[in-house]
Amino acid sequence: MVTTDTAANSSSSNNNGGGSGSNRNHDTHITDTTDKDAPLVFEPSKRVLQLSQKGGMTMVARTLAASLFTALVLLLPLLILYTFLALPLLRIPLAIYIAFCYLDPAVDNGTGRRLQWVRSLPLWQYVNAYFPVRIVLEEKLDASKSYIFGVSPHGILCFSGQVVIGSMESGLDRAMPGITLHPAALHHALTLPLFGAYLLAIGSISSSRRSIRRCLARGKGHSVGIVIGGAKESLHTNRGSRRLVLKNRRGFVREAIMAGAPLVPTFVFGENDIFRQVEHPWLRRLQTWMQSKMMFALPVFYGRFGLVPWQTPLTAVFGRPVYVEKNPEPSYDEIDRVHREYIDRLQRLYARFKPVYDPEGDDTLVIV
């Protein structure tokens, strides 16, 4: 999923379904029933685990399904461009469709156009078999509240926004019944023909302040997932690296306080291991310049075979919420205090679960 810095970067500043849950057969267990602090763990479904272990054509199918998600952001706009140039009779209908995408009210209405039939397509079984998803909750969340989930790390293409949040196959809906989690995406990405429609269908909303505020104002479990590090953080992505762009990102904290929405620190183990990134000082200067001018980064990356991603399990750990008192006009000191508490919670979450789910990663999070 393409994410943005809009809601996280400021230092002061037709819904067909919800979080009703999936009928998939997911295994759930508590690591230690005698420990009140033991996390609630939702393992991948038996069907997904079986698909992840099969070879032959099943292996080919899950590899193709995972590779498709790498190519979506490029192939869908190129398909529109090719059709426009090669089929003159379709130019007027395509022009109308492109105009509709640009003006689509669902982009900024705070709810998007979440379609459960898209989120439950059989294709997701093969994607989740390539990236088996485990959901870990430090505590059960109250479905009557709206939350802001701060998701880290961004990774190269933010697969967690699609595979963990966008797919019913991940088990997230079952782990958080009654909570409808909307991934926040770059506003312009949601206006792209076809690709934007796909993002809206998996529940994405614009990362603009107006859209986030509209979503949280709905209450009743409607929540927002914001990849705090945004495009800039993608340039820090590499296997084993755990560098987060978070030190000066306070906008998401301000929105949480204004809405009275608890902040849920979230870390997705495995996100940074899906691709490898080409690093060179001259290339990094060019990427940094482009990111500052265009609000998105262009990391040069590769997978197992070209753009085929590395097969990696994803473990999404949702920490204990940072509760805030609603204040329509929070002061800088209040924002800064909550921001420091959020970072402390995230670091403790990483230290607790890293030995179990990421033994080869950096020992500590590096906050930049």
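A residue counts as buried here when its relative accessible area is under 20%. Keep that cut-off in mind as we walk through this structure, which is a predicted model.

Let's start with helix 7, residues 159-166. By that cut-off, 8 of the 8 residues of helix 7 are buried, so the helix is largely enclosed by the rest of the structure. If you want to click through them, the buried residues are Phe159, Ser160, Gly161, Gln162, Val163, Val164, Ile165 and Gly166. Pro153 sits in the loop between strand 4 (148-152) and helix 7, and the peptide bond leading from Ser152 into Pro153 is cis, with omega near -10 degrees.

One of the elements that touches helix 7 is helix 6, residues 123-130. The two helices pack at an angle of about 120 degrees, and their axes are 11 Å apart. Angles of 65 to 115 degrees would count as roughly perpendicular; helix 6 and helix 7 are therefore oblique to each other. Their crossing is left-handed. On the helix 6 side the contact comes from Trp124, Val127 and Asn128, while helix 7 supplies Gln162, Val163 and Gly166. Sorted by class, that contact of helix 6 with helix 7 has 3 nonpolar and 3 polar residues, with no charged ones.

An α-helix has 3.6 residues a turn, so residues three or four places apart point the same way.

Now stay with helix 6 for a moment. Helix 6 is mostly covered, with 6 of its 8 residues buried: Trp124, Gln125, Val127, Asn128, Ala129 and Tyr130. What do the buried residues of helix 6 pack against? The list is helix 2 (46-53), helix 3 (56-86), helix 5 (116-119), strand 3, helix 7 and helix 10 (195-201).

Helix 2 and helix 6 pack at an angle of about 65 degrees, with their axes 8 Å apart. That makes helix 2 roughly perpendicular to helix 6. This crossing is right-handed, whereas the one between helix 6 and helix 7 is left-handed. Helix 2 brings Arg47, Val48, Leu51 and Ser52 to the contact, and helix 6 answers with Gln125, Tyr126, Asn128 and Ala129. By class, the contact of helix 2 with helix 6 has 4 nonpolar, 3 polar and 1 charged residues.

Strand 3, residues 133-137, is another name on the helix 6 list, and it takes us into the strands. Strand 3 is joined to strand 12 by 5 bridges, and the two run parallel. Within this pairing, Ile135 stands opposite Ala316 in strand 12. Strand 12 also pairs with strand 9 (residues 263-269), this time through 4 bridges and in an antiparallel arrangement. Here Phe267 stands opposite Val317 in strand 12.

Glu255, in helix 13 (residues 251-259), is buried, with a relative accessible area of 3%. Leu216 is 39 residues away from Glu255 in sequence, yet their C-alpha atoms are 9.3 Å apart in space. His236 lies in the loop between helix 12 (230-234) and strand 8 (243-244). Leaving aside neighbours within four places in sequence, His236 contacts Ser241, Arg243, Val245, Gln277 and Val368. Val368 is 132 residues from His236 along the chain, and 10.0 Å separates their C-alpha atoms.

Finally, two backbone angles to look up. Leu194, in the loop between helix 9 (187-190) and helix 10, has a phi near 70 degrees, a positive value in a residue other than glycine. Lys220, in the loop between helix 11 (209-217) and strand 7 (222-227), also has a positive phi, about 50 degrees, although it is not a glycine. Are these two buried, partly exposed or exposed? Leu194 counts as partly exposed at 30% relative accessibility, and Lys220 counts as exposed at 71%.

Methods. Residues numbered from 1 in each chain as written. Predicted model: local features only at pLDDT ≥ 70, side-chain atom pairs only at ≥ 80, totals over all residues. Heavy atoms only, no water. Axes fitted to C-alpha atoms, helices over the stretch in contact; angles between N-to-C directions. Parallel < 35°, antiparallel > 145°, perpendicular 65-115°, else oblique. Left-handed = near helix turned anticlockwise from the far one by under 90°. Contact = heavy atoms within 4.5 Å. Nonpolar A, V, L, I, M, F, W, Y, C, P; charged D, E, K, R; others polar. Pairing = 2+ DSSP bridges. Buried < 20%, exposed > 50% of the residue type's maximum accessible area, 1.4 Å probe, protein only.
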